[in-house]
Amino acid sequence: MISRENISSWLVLVVDDEADSIEVATRVLKFHGAKVCTADNGRAGLDAVQQIKPTFILTDLSMPVMDGWEMLHHLQNNPQTADIPVVALTAHAMVGDRERAVGAGFHYYLTKPLSPLTLLDDLLRLFSTPLSENSTIGKTHPLDKDAS
Amino acid sequence: MQRSIIRQYTLTFIGLAVAPVLLVGIILAIQNFTREGGQALQAQQALTQGIATQVEDYLEQREAELRLLAQAPNLYNLGQEEQHGLLENLRTFTDAYENLALLNAQGQELVSVSRVVGEGAVQPQSQAEEDAFTLAATLGSVYYGPVHSAPSTSEPLLTIGIPIIDPDTGAVQGMLMGDVRLTLISALLDRVELGPGQAAYILDTDNQVIAHPDFSIVENGATFVPPPDGSRATGLSGDQALIVSEPVAFGGSQITVVVENPPAEALGLALDTALVAGVVTLIALVVAAGIGATLARRTIEPIRNLAATAQAIRQGEFYREATDAHREDEIGELSRAFNDMTSQIRENLAALEASVQEARLATAQAREANRLKSEFLSTMSHELRTPLNAMIGFSEIMISGMGGTLDEEALHMTQRIHSNSLRLLALINDVLDLSKIEARRVEVIARPFSPQNLVQSLVSQMSSLIQQKKLDFVVNVDPLLPSQLNGDPDLIERIATNLLSNAIKFTEQGSVTLSLQLASNNRWELSIADTGIGIPPHAQNYIFDPFRQLDGSSQRAYSGTGLGLTIVRELTLAMGGRVNLQSHVGSGSIFTISLPLVMVSQPAEAGAAAS
């Protein structure tokens, strides 16, 4: 069970080809006490899963070598990794992207740019609520409109 | 082709050709029938008269021979030897006499010769004959006896008696008697040319047949009563015949020549004529049918060809042409006009096809352009968000202190970076949204939603901004509004957040009011009112256009993309709604979004889901 209380036991695998994106996510998660391991594409992510058993995976979708979709496919086809929650974190924020991601089997879906202030709350909310019932979380940056 | 012209023509021609022929044939046949009937009768009568004349001639010749002999000088007083010689001379001169005899005035035979040796004398047989003989002998006139049979041969004989007159006294001395053989008349009948079925025979005074080509009839003593001359009756042969009779008188007695003609024979020619007329009619029929059909075919065939060509063209064979355009007649004219029309159609069709092709190409190009645009938008969205992710992420980490403490000046500048990054993100989002709206790519996904939930979500999103500006946030939800509505809550929320952030942005003090109310039985309204600066009337017209804010100065004072109201208007229109603006400078603005009210069939569980 993923909760705020056992955050120190989290081992999060962050997969992204953008070093900056990895760093932002890593800093926020580490700040809250989670352990983080990273990979810069889907293939590397799968290799990492061979070594460790992450609490969940936070992955970009568009990546060289192997993208997030394919990595998810491999994870799902492997009984040992099929139960690992996979959260999509993507700059694909166009209409229909979220539906496509859920349809493909991603457990959760967040869009870039992520907000360091609300990332942990968003993740905890995602894990406590089935994705299909949650239409507002993760759609856009919560401050998108506030900023104008 | 139920009433094919060929058939009509053929029938017409047959009618035209056959009717007169048939009429003429019938008239001719009737005429001929009458004429031929008359002619046949005349011929028959002539034949009968001819025979009668010959019979008469025969008998007159005998009479003349006998008269000549009777006038021989002093015949009566010659010696018996000489008399016998003279009689024998006459008998052998012609074979026409059965017997010859010289009688005295009392009727006693003096001398006689006979063809058949031993045959009796030629004498009157009955009292009547004797009276006749006596009268003839007394008056010195010619005696004609009745027809009687030769005792030995049964040949019919006619007795002619010529008085022998004394040249000096003029007294009757005796009679020269001759039994004339009528058998020779039969021979005469044999020589008469008769048509098939015709029969000629001779009757005596008692209507007994005395001469007939068939001698057995004579032998049997057949009788026949001739009907009135030229009438139809049962003939001697027993068949129906046209019968003509001609009497030949000799003294007190007469013989009758009869000619029978069977009706078929009599009307043979008429029947022939009728047959010819029939054949001619038949030939006329065939010829007329042929001509009619040929003529009709020559006229109709081109029309049929034309019809077939038209049919083919109708089925898309536009290269087909009428085949009879070379003709000089009306059909040629029609064919040429038809071909002109076809070529015109061909040209028009080609032009049409060309324009369709063009249009298709243009559509394909437009579709491709649109696809490229969508692809570009998607890529842009992704590519612009990626660096923003770093900018917002790092600045926010710095501001929140996750990455260590900053001095006041650095914090301020980082906050500016963060704020402008968010503004850039909003700008990117709005531009992309507007592009999608203008490309008609906004999808309205109607589904049941709870207005209460919508209000709660808006309140939670706006509360921090409201608090920052220390404004009152008033929320009114019409209790008559159904707990569940059908529509696209995402789009409605986008409209509401846009309007609310505008309202907050342009209001320095007072309140912002969010109201949801039932407008009529088929519309509901979402309105956002503020107590802000208001919009002057002239600006109310263009406020919804892209990148238009009140003026340059306000753009700086009230930062924003300038696309919010455009998006509001476009999304509202996409949902079949209307936007209404009421505003007074200095007292505030009211934006009202009127949307079609679509009820949900099963209103339930809305409140539960909201909490």
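In this predicted model, the side chains of Lys112(A) and Asp16(A) meet in a salt bridge, with 2.8 Å from N to O. Side chains of opposite charge can pair when their charged atoms come close. Lys112(A) sits in the loop between strand S5 (108-111) and helix H5 (119-128) of chain A, while Asp16(A) belongs to the loop between strand S1 (11-15) and helix H1 (19-31) of chain A, so the pair ties together parts that are 96 residues apart in sequence.

Searching the whole structure gives 18 salt bridges over all chains. How many salt bridges does the rule find across the interface of chain B and chain A? The rule finds zero there, although 35 residues of chain B are in contact with 30 residues of chain A. Between them, chain B and chain A bury about 3000 Å², and 65% of this area is on carbon and sulfur atoms.

The next step is to look at how helices pack. Two packed helices are described by the angle between their axes and the distance between the axes. In chain A, helix H3 (residues 68-77) and helix H4 (residues 97-104) have axes that come within 11 Å and cross at roughly 25 degrees. H3(A) and H4(A) are therefore roughly parallel to each other, and the crossing in which H3(A) passes H4(A) is right-handed. On the side of H3(A), the residues that take part are Trp69(A), Leu72(A) and Gln76(A), which meet Arg100(A), Ala101(A) and Ala104(A) in H4(A). By class, the residues of this contact divide into four nonpolar, one polar and one charged.

The residues of the contact of H10(B) with H11(B) divide into ten nonpolar, four polar and three charged.

The crossing of H11(B) and H14(B) is left-handed. H11(B) contributes residues including Leu491(B), Ile495(B) and Leu499(B) to this contact, and those of H14(B) include Leu565(B), Ile567(B), Val568(B) and Leu571(B). The contact of H11(B) with H14(B) has seven nonpolar, four polar and one charged residues.

Finally, the backbone of chain B has two places that deserve a look. Lys470(B), in the loop between H10 and strand S12 (472-477) of chain B, has a phi near 55 degrees, which is a positive value in a residue other than glycine. Asn207(B), in the loop between strand S6 (199-203) and strand S7 (209-211) of chain B, has a phi near 65 degrees, again a positive value in a residue other than glycine.

Key
Residues numbered from 1 in each chain as written. Chains lettered and ligands numbered in written order. Predicted model: local features only at pLDDT ≥ 70, side-chain atom pairs only at ≥ 80, totals over all residues. Heavy atoms only, no water. Nonpolar A, V, L, I, M, F, W, Y, C, P; charged D, E, K, R; others polar. Contact = heavy atoms within 4.5 Å. Buried area = accessible area lost by both parts, 1.4 Å probe. Salt bridge = Lys/Arg side-chain N within 4 Å of Asp/Glu carboxyl O. Helix = DSSP H or I, 4+ residues; strand = E, 2+ residues; numbered from the N terminus. Axes fitted to C-alpha atoms, helices over the stretch in contact; angles between N-to-C directions. Parallel < 35°, antiparallel > 145°, perpendicular 65-115°, else oblique. Left-handed = near helix turned anticlockwise from the far one by under 90°.
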